[in-house]
Amino acid sequence: MSDAGKNGRRDTKAVAAGRRAEWTGPVVNPPIWRGSTHLYPDIETFENSKSRNADGEFFYGRRGSPTQWALSEALTQLEPDAHGTVLYPSGVAALSGALMTVLKPGDVLLVTDNAYEPTRLMASGLFKQFGIEARFFDPLDLDGFADHFCDRTAAVMLESPGSLTMEVCDIPALASIAREHKAVSLLDNTWASSLGFPALQHGCDIAIMALTKHVGGHSDLMMGSASAGKLYYSRLRRTAQSLGHVVSPDDAALALRGLRTMPLRLDKSTASALEIAHWLNQHPAVSRVLCPMLPGAPGHALWKRDFSGGCGLFSFVLSDADTAARARFIDALQLFGIGFSWGGFESLAIPYDPKSIRTGTAWPPESWGDGEHLGIRLSIGLEDPQDLIRDLENGFAALEQI
Ligand SMILES: *Cc1c(COP(=O)(O)O)cnc(C)c1O
């Protein structure tokens, strides 16, 4: 593989990234190098290997093999300004691995109040055991953000758009304030991925993705990644090695396969999501459509300014329904499955109500009317959007039944 493709534009890069001839051999994809033991030709090489710890060197299964190296190199090439990428067995493992890299006892971690729920739980649960204090902040209150820092603040955990409620925040501004306070900024960039939001270029120090979602893309794989510049990459790598994080070569091969078609899948699901969001937006039983790609929706201006792509994940709020009606709505859907995760080829719908989990901000926002808090999150897959709209009509019909 020549370097030409690696300098190309988004789609070209997604095809070319990570395909070193020394790893693929004469075939297109790197073979699955399954193995724990790596054999050494003699004792001298064996002894010398102990003081070596560079990327792309055989050592032992825990440091990976060409299949995993090809995936991390591909992800690095797709993340502008990244020096390297560490792979983790899930998105949550990537979050914990990255946070444990930059935090120590006594530190304060600022966490966006719209964070993915397991991130919240990790920050206020597991990390508390290690003497780390989590404080939650309103991601939309840029003016108030600096007030949250103290001399113990070591890191800021960001996410945009936020899980479930989809607020887009001003990442470049927040990351720059974090930097002024000498705090490391980490971004959970699962929604847009590096293809839609170049996190490091926008000022973040560590870009995290649940590869389970868009990169896998077929609902058959769990994996996570953290990409960073030279300093944080080497620290991430050391922590991951200490924690024993490793991903299987079979899963790495699946992730690489997913990566090749990811731009196509993202474009298709983004276009379908937008079509469905437009349709929902004029529906009388819908009070809010929380889809940053939709003109006029909350966060659209910032999304347009900072993002070069979207995805199929968004949510909407029912006008005046109770939880039983919402359950009837979702149960009536035939094409949408009910389940966690997203970013697969198949569409999903789940109910959500963040009212009970937020601590740093009120939900629903004070400006919203009473009863406007029962949300439904949709992950739009690769089906025909008109079929999905017909399916949602079944849901609205079921709202009326008692
Ligand atoms: C799913 C998800 C994760 C976690 O990924 P897993 O692979 O399921 O552990 C992290 N962040 C966000 C925003 C997610 O949606």
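Visitor: How many disulfides does a search of the whole structure find?
Guide: Zero, going through the whole structure. Keep in mind that this is a predicted model.

Visitor: What about Cys311, which cysteine sulfur is nearest?
Guide: That of Cys291, at 8.6 Å. A disulfide needs the two sulfur atoms within 2.5 Å, so Cys311 is in none.

Visitor: And is Cys311 buried or exposed?
Guide: Buried, because its relative accessibility is 0%. Cys150 has 29%, so Cys150 counts as partly exposed.

Visitor: OK, new topic: the sheet. What's the strand order?
Guide: The order is β1-β7-β6-β5-β4-β2-β3. That makes an open sheet of seven strands, and the pairing is mixed.

Visitor: Which strands stand at the edges?
Guide: Those are β1, residues 84-88, and β3, residues 133-137. Each has a single partner strand, so one side of each has no neighbour in the sheet.

Visitor: How much are neighbouring strands turned against each other?
Guide: By 20° on average, ignoring direction.

Visitor: In what sense do β1 and β7 pair?
Guide: Antiparallel, over five bridges, with β7 covering residues 224-228. For instance, Thr85 has Ser227 in β7 as its bridge partner.

Visitor: What holds strands together in a sheet, in general?
Guide: Strands pair through backbone hydrogen bonds, and they can run parallel or antiparallel.

Visitor: Which strands does helix α10 touch?
Guide: Helix α10, residues 230-243, packs on the sheet and touches β1, β5, β6 and β7. Its direction makes about 25° with that of β1.

Visitor: And where does helix α6 lie?
Guide: Helix α6 is residues 117-129, and it lies across β2, β3 and β4. It runs at about 150° to β3.

Visitor: Let's switch to rings. How many aromatic pairs are there?
Guide: The count is 12. One of them is Phe145 with Phe149, an edge-to-face pair with 5.1 Å centre to centre and 85° between the planes.

Visitor: Why does that one count as edge-to-face?
Guide: Because planes over 60 degrees apart get that label, and these are at 85°. Both Phe145 and Phe149 are buried, too.

Visitor: Which residues do ring pairs link into a cluster?
Guide: Trp23, Trp33, Phe58 and Trp69.

Visitor: Last one: what sits over the ring of Phe136?
Guide: The charged end of Arg120 does, 4.0 Å from the ring's centre. Arg63 also lies over a ring face, that of Phe59, at 3.7 Å from the ring centre.

Note on methods
Residues numbered from 1 in each chain as written. Predicted model: local features only at pLDDT ≥ 70, side-chain atom pairs only at ≥ 80, totals over all residues. Heavy atoms only, no water. Pairing = 2+ DSSP bridges. Helix = DSSP H or I, 4+ residues; strand = E, 2+ residues; numbered from the N terminus. Axes fitted to C-alpha atoms, helices over the stretch in contact; angles between N-to-C directions. Contact = heavy atoms within 4.5 Å. Buried < 20%, exposed > 50% of the residue type's maximum accessible area, 1.4 Å probe, protein only. Phe/Tyr/Trp six-rings, centres within 6.5 Å; stacked < 30°, edge-to-face > 60°. Lys NZ or Arg CZ within 6 Å of the ring centre and 35° of its normal.
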